[in-house]
Amino acid sequence: MIWLGPVDRGVITPFTHGLAHVSAAVLNVFGEGVAVAGSVIEGRAFAVDIKGGCNGVEAMMLLCAAIAAFDAPWRARVLGLIAGSAALTAFNIVRIVTLYVIGERWRQLFETFHLAAWQTIMFAVAATIFALWSGRFAPRQRHVAARS
């Protein structure tokens, strides 16, 4: 669904560009002196391009599907969708910022962190958010005393 042209152009691309701008703002707070063009964050000696798969949308969709399918009140589901998506997005900003710094300072480690470490951590965070949320809203079983 996210790869359909209208969805990609109207939702995913603007989201990704926004992610690039926020990540660049964080980097600039720390004196990195980066600029943004679309989904590219570029500094003096390094640049990252936030592509599909790196914008956190897949992890967010996994989390949202799990929350939506869970047996919980609809209000709790909606709050979980909003809060969980926001938390994953914030975490992804940390991921993008650290990847930029790793790429600029230790370029030989960039691919390892980009493909192996952070991808795994991103989905682990989504699973952790779901576990915490579902633990709060899991249906409670009542213990009924057996009659003899």
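Q: In what order do the three strands of the open sheet stand, and is their pairing parallel or antiparallel?

A: This is a predicted model, in which local features need pLDDT of at least 70, side-chain atom pairs count only at pLDDT 80 or more, and totals for chains, interfaces and linings use all residues. Residues are numbered from 1 along each chain as its sequence is written, and side-chain values use heavy atoms, with hydrogens and water left out.

The order in the open sheet is E1-E2-E3, and the pairing is antiparallel. Strands here are DSSP runs of E with at least two residues, helices are runs of H or I with at least four, and both are numbered from the N terminus. Two strands pair if DSSP finds at least two bridges between them. Strands E1 (35–37) and E3 (47–49) are the edges: each has a single partner strand, so one side of each lacks a neighbour in the sheet. Direction ignored, neighbouring strands are turned by 15° against each other on average; the axes behind this angle are lines fitted to C-alpha atoms, for helices over the stretch in contact, and angles run from 0 to 180 degrees between N-to-C directions. Strand E2 (residues 40–42) is joined to E3 by three bridges, and the two run antiparallel. Opposite isoleucine 41 stands valine 48 in E3.

Around the sheet, the protein has four helices and three strands in total, in the sequence pattern α-β-β-β-α-α-α. Of its 148 residues, 34% are buried, meaning under 20% relative accessible area, with exposed over 50% and partly exposed in between (1.4 Å probe, protein chains only). Among contacts (heavy atoms within 4.5 Å) with a separation of 6 or more, 62% link residues 24 or more positions apart.

Threonine 89 lies in helix H3 and counts as buried because its relative accessibility is 18%. Leaving aside residues up to four places away in sequence, threonine 89 touches Phe15, Leu19 and Met60. Tryptophan 106 sits in the loop between helix H3 (74–105) and helix H4 (107–137), and its 42% relative accessibility is why tryptophan 106 counts as partly exposed. The accessible surface of the protein is about 9,000 Å², and carbon and sulfur atoms hold 67% of it.

Conventions:
Accessible areas come from the Shrake-Rupley method with a 1.4 Å probe; for residues, only the protein chains shown count as cover.
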